[in-house]
Amino acid sequence: MIKIAQIGCGYWGPNILRSLRMLNTCELKALVEIDVKRREFVKSRYPNVDVTDKIDKVLNDDEIQGVVIATPAESHYHLTKLCLEANKHVLVEKPLATNLLDAIELTNISYEKKLTLMVGHVFLYNPAVILLKKIIQEQIDNLYYFYSQRLNFGRIRQDVNVWWNLAPHDLSILLYLMNDEEPISIKVEGFSFTQSHLEDIAFATLKWKNNITANIHLSWLDPKKVRQLTVVGSKKMIVYNDLSEDKIAVHDKSIDCNNHFDDPGKVLFNHRVGDIAFPKIDMKEPLLLELEHFITSILSKSKPKTGPLHACRVINILDAGQRSIINKGEEVNIESVGKLDRKYAESTL
Ligand SMILES: NC(=O)c1ccc[n+]([C@@H]2O[C@H](COP(=O)([O-])OP(=O)(O)OC[C@H]3O[C@@H](n4cnc5c(N)ncnc54)[C@H](O)[C@@H]3O)[C@@H](O)[C@H]2O)c1
């Protein structure tokens, strides 16, 4: 059993804390929180956990092998670096950092020190997303396009805009579904209403080579909660609705093109409409699976599914998207971060 510490226990942290306590492969030894009220909250629920505002207690404790960080995005780089330099394995909430250079620096520290660095891209541990990828690979034939909506009348963040807060989920899912192939360009338009300097809504368009495209609509200023991704291909069309009981609906629909019998120069479009299938999903809590994966990666010294390379790819697209937002939706080319690949493969992790 390995000893773990957690840093930050605000809105999302209690979910991590509860899940960590359910695992029998690790023991939560300490929790660091700078807010006195949040420390009181943890102490009242978990009297056995050592709750402190001093990160040094964790950094200097040789028994603690891993740290889970659930603080606001802007603190991720600094806290992750402190923990890695103190020889701790780290699982940090998304995004890994708020720019690519910082993310690459953290990646390199983790490689050099042979430490597990994993980012909480929780949807890649979601059984529905894993099944969605399988269905795309087996049934869709040619992939045409994606569009996703992540909308809510939700928490308005004051540290990052909606793009940095919500897009990591969609970008992580899209990269996974595209077998880590990075898009070649992005356009994002963002609009601010509640705070002049931080966008509340964003509309993004990503393009891959082979004409595959994705549109992402993000908002924390919407009347309805929507968590939906639609995938359209040449043989099937799939809707993944994370809020529905039947999370995945596979529509057996396609447009078949036939030559016109009288005029071979013309094409006839046949709208083929078949059944809708709702495949059974063996649902387990994604956060619990994510935390289990972190502990397993440490113990087995294996590459985590959402390791630093995946996180850097996400941040590379976030960075390009932010440049597009600043330039009023201008199309920005995306350079691949694939050059990190070799170093990653060479690392013994
Ligand atoms: N995976 C998901 O679905 C999901 C959902 C919500 C939030 N998140 C992520 O979780 C992270 C935290 O989000 P949140 O909504 O809980 O934020 P929050 O602001 O509600 O809570 C953050 C907590 O961290 C504490 N904190 C800040 N700096 C600290 C430090 N240096 N040392 C110790 N404690 C510190 C704060 O006092 C606060 O209690 C963010 O990165 C966010 O993107 C992920």
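The structure is a predicted model, in which local features need pLDDT of at least 70, side-chain atom pairs count only at pLDDT 80 or more, and totals for chains, interfaces and linings use all residues. Residues are numbered from 1 along each chain as its sequence is written, and side-chain values use heavy atoms, with hydrogens and water left out.

Six strands form an open sheet in the order E3-E2-E1-E4-E5-E6, with parallel pairing (strands are DSSP runs of at least two residues and helices, H or I, of at least four, numbered from the N terminus; two strands pair if DSSP finds at least two bridges between them). Strand E3 (50–52) and strand E6 (117–120) each have a single partner strand and stand at the edges, so one side of each lacks a neighbour in the sheet. On average, neighbouring strands are turned by 25° against each other, direction ignored. Strands E1 (residues 2–7) and E2 (residues 26–32) run parallel and are joined by six bridges; Ala5 has Ala30 as its bridge partner in E2. Helix H8 (residues 286–300) packs on this sheet and touches E1, E2, strand E4 (64–69), E5 and E6 (contact: heavy atoms within 4.5 Å). The direction of H8 makes about 160° with that of E5 (axes are lines fitted to C-alpha atoms, for helices over the stretch in contact, with angles from 0 to 180 degrees between N-to-C directions).

Lys88 lies in the loop between helix H4 (76–85) and strand E5 (89–93). Lys88 is buried (under 20% relative accessible area, 1.4 Å probe, protein chains only) but has no salt bridge (a side-chain nitrogen of Lys or Arg within 4 Å of a carboxyl oxygen of Asp or Glu). The nearest side chain of opposite charge, Asp62, is 4.9 Å away. The side chain of Lys88 reaches the backbone oxygen of Ile64 at 2.9 Å.

Terms used. Buried means under 20% relative accessible area, exposed over 50%, partly exposed in between (1.4 Å probe, protein chains only). Lys and Arg count as positive and Asp and Glu as negative; His and the chain ends are not counted. A polar contact is a pair of N or O atoms within 3.5 Å; within protein, one must be able to donate a hydrogen and the other to accept it, and residues adjacent in sequence count only if both atoms are side-chain atoms.
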